[in-house]
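Hi everyone, thanks for coming.

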Amino acid sequence: MKWLSRLNERNLNDYLIISNTSMQKFFKHRLIIGGLCIGLWISGYMLICRPIVFNKPIFIYGMIGAFWVGYKIPYFYIKVKVKQKTEQVSADFPLWLSSLEVLILSNNIPNTLKKSLMTCPNSIKKDLQILVNKIEKDPMNQQSYIEFLSQYKLSDVNELMLDLYQFNYLDKSLMISEFAVLHKRLNAINTSNRQHSQEQNLFFIGAINSVPLFLLSIYILLIANMLSNTLMGG
Amino acid sequence: MKNLFKINRLKSSIEKLGYHYSVLDYLKSLGIYSLLLSAVALAHKLKWQFAVLLILTVILLLPFIIYAQFSYTYEFQRFNDYCLYLKQMTIQYKTHKKIKSALLQTAEAFKENSSRMHTCILKAIEDIEDGENFETALSHIEDHYCNSYILKLHSYMILGEQIGGDNVYQALNNVDFEDWQSDVIRFQKQKNNVKKTNIYFTLLSVGISLFCLYMFPMDLMRNLFSLTQFQLMTFLYFEMLIIAYTLVTCGLNGKWINRKE
């Protein structure tokens, strides 16, 4: 029954919210791509298998498999897109937050957030606009801060937003020392993001690096094959 | 990238980076690569038609390799400019507490290496002297050297000019670019190791394939060398080795600094 759990798409609703896609549209895509995959399977089967017999188990299992693949493709597509967006937000958030320090020293928190709208990264602009609107109505509502970017489930973001909320009650003279603590955490997040992207880059380039030895083994194999053919042929 | 296919375009692309490159230099490189390749092709008993095709591939790909080498030097210089600027400006601003004085002192540090940063700093000083606001003046530097640490440093300095106070000068310590600097250096070292490994692997592959061909008696191999199948296979083997080498060389000599960092 373990395979059945693979059908369960627990985070689908979150993915749909983040990617701004409606369930109806998503379901429509699933049916179209599932149908296309079945069509491909039937045409492939008709081309390869002669005589054409439709009541063979392989044909029926293949059709179910093709539909399952087609049904899953939109889910995996949306999952990859959301992952990319989450990584973008995770990289942009520390940069945006550290840029607030200068504004905080001369403004209160709601004004700081409002003013930062002009320069904030595109990946968080929409959510920031929502936060600013909420704060304008109720400046001291902690929930608004907690909900900011909460759909991405980034624990660092959540904690740092709560820290930012606490700044509402801080004296200006304490602000610099408190921000220094915040900076340490932001730097740690930045470093981790940077190292992650560097490792990814190196992995891809390292993969190309193994090409010479891979080519060599193929070359030797083919030479051996040709040599044996020449010997056999006399 | 398609600009690199013509030698004049390669020349102007390299000159845009601030280096001199002549047609003679290009021909020298091409000559060396072609000679090496011809020797290897000859040793692998490749027919001249295939050897010519390999040389044609080198002619096509060499501009990318040459550009990548210059690009590496350029990016290294740029990275040093970033670090020197951040270090100097932080110290000078803490000492003089004025943007103009800090810029003047920092410009001195760039006088010797005649980099673009020196020109940008001089433009910024000029703008401040003409009465422009600090944001506009410092944008000369930010436009060419965009980086979150530089933006942060500039924001602090502008705030310091506007409201002053020791708090702002203390906050300059938050621009701790040292982690970023050491990360970039470590990453470049790793990339250099990968680059070296790629050269070793390519040479090793050529060496082993050569050994395989000469390991068996020549009487036996002579029939094999004349086969079109063998010729085509050896040609494709070298073709792919050249392409993989170019991909790794170009891929590793990309930008050192991400604008978002």
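Let me start with a question: is A:Arg185 buried, partly exposed or exposed? At 27% relative accessibility, A:Arg185 counts as partly exposed. The cut-offs here are under 20% relative accessible area for buried, over 50% for exposed, and partly exposed in between, with a 1.4 Å probe and protein chains only.

Before going on, a word on what you are looking at. This is a predicted model, where local features need pLDDT of at least 70 and side-chain atom pairs count only at pLDDT 80 or more, while totals for chains, interfaces and linings use all residues. Residues are numbered from 1 along each chain as its sequence is written, chains are lettered from A and ligands numbered from 1 in the order in which they are written, and side-chain values use heavy atoms, with hydrogens and water left out.

Now back to A:Arg185. Its side chain meets that of A:Glu159 in a salt bridge, 3.2 Å from N to O. By salt bridge I mean a side-chain nitrogen of Lys or Arg within 4 Å of a carboxyl oxygen of Asp or Glu. This pair links distant parts of the chain, with A:Glu159 in helix H8 of chain A and A:Arg185 in helix H9 of chain A, 26 residues apart. A:Glu159 is partly exposed, at 39% relative accessible area. A:Asp156 joins A:Glu159 and A:Arg185 in a network of salt bridges.

Over all chains, a search of the whole structure finds 10 salt bridges. Another one is A:Glu136 with A:Lys114, whose closest N and O atoms are 3.0 Å apart. Here too distant parts are linked: A:Glu136 lies in helix H6 (residues 122-137) and A:Lys114 in helix H5 (residues 109-116), 22 residues apart. A:Glu136 is partly exposed at 49%, and A:Lys114 is partly exposed at 43%. In chain B, B:Asp219 and B:Arg222 form a salt bridge at 3.6 Å, N to O. Those two are separated by about one helical turn, because they sit three residues apart in helix H10 (residues 218-225) of chain B.

Let's zoom out to the chains. Chain A has 10 helices and zero strands; helices (H or I, at least four residues) and strands (E, at least two) are DSSP runs, numbered from the N terminus. The radius of gyration of chain A is 28 Å, well over the 17 Å that the globule rule gives for 234 residues, so chain A is more spread out than a compact globule. That radius is taken over C-alpha atoms, and the rule is 2.2 Å times the number of residues to the power 0.38. The C-alpha trace of chain A spans about 90 × 45 × 35 Å along its principal axes, and buried residues make up 35% of the chain.

Chain B comes to 11 helices and zero strands. With a radius of gyration of 26 Å against the 18 Å of the rule for 261 residues, chain B is also more spread out than a compact globule. Its C-alpha trace spans about 90 × 35 × 25 Å, and 46% of its residues are buried.

How do the chains meet? In all, 35 residues of chain A are in contact (heavy atoms within 4.5 Å) with 50 residues of chain B. The area buried between them is about 3900 Å², with carbon and sulfur atoms giving 71%; this is the accessible area (1.4 Å probe) that two parts lose on being put together, summed over both. The rule finds one salt bridge across this interface, and that is A:Arg194 with B:Asp183, at 3.0 Å between the closest N and O atoms. On the side of chain A that touches chain B, helix H4 (57-106), helix H9 (172-209) and helix H10 (211-232) of chain A each supply at least two residues. H9(A) gives the most, with 14 residues.

A:Leu149 has a positive phi of about 60° although it is not a glycine. A:Leu149 sits in the loop between helix H7 (142-147) and helix H8 (155-166), and at 1% relative accessibility it counts as buried. A:Asn20 also has a positive phi of about 60°, but A:Asn20 is exposed, at 62% relative accessibility. For background, most residues other than glycine have a negative phi.
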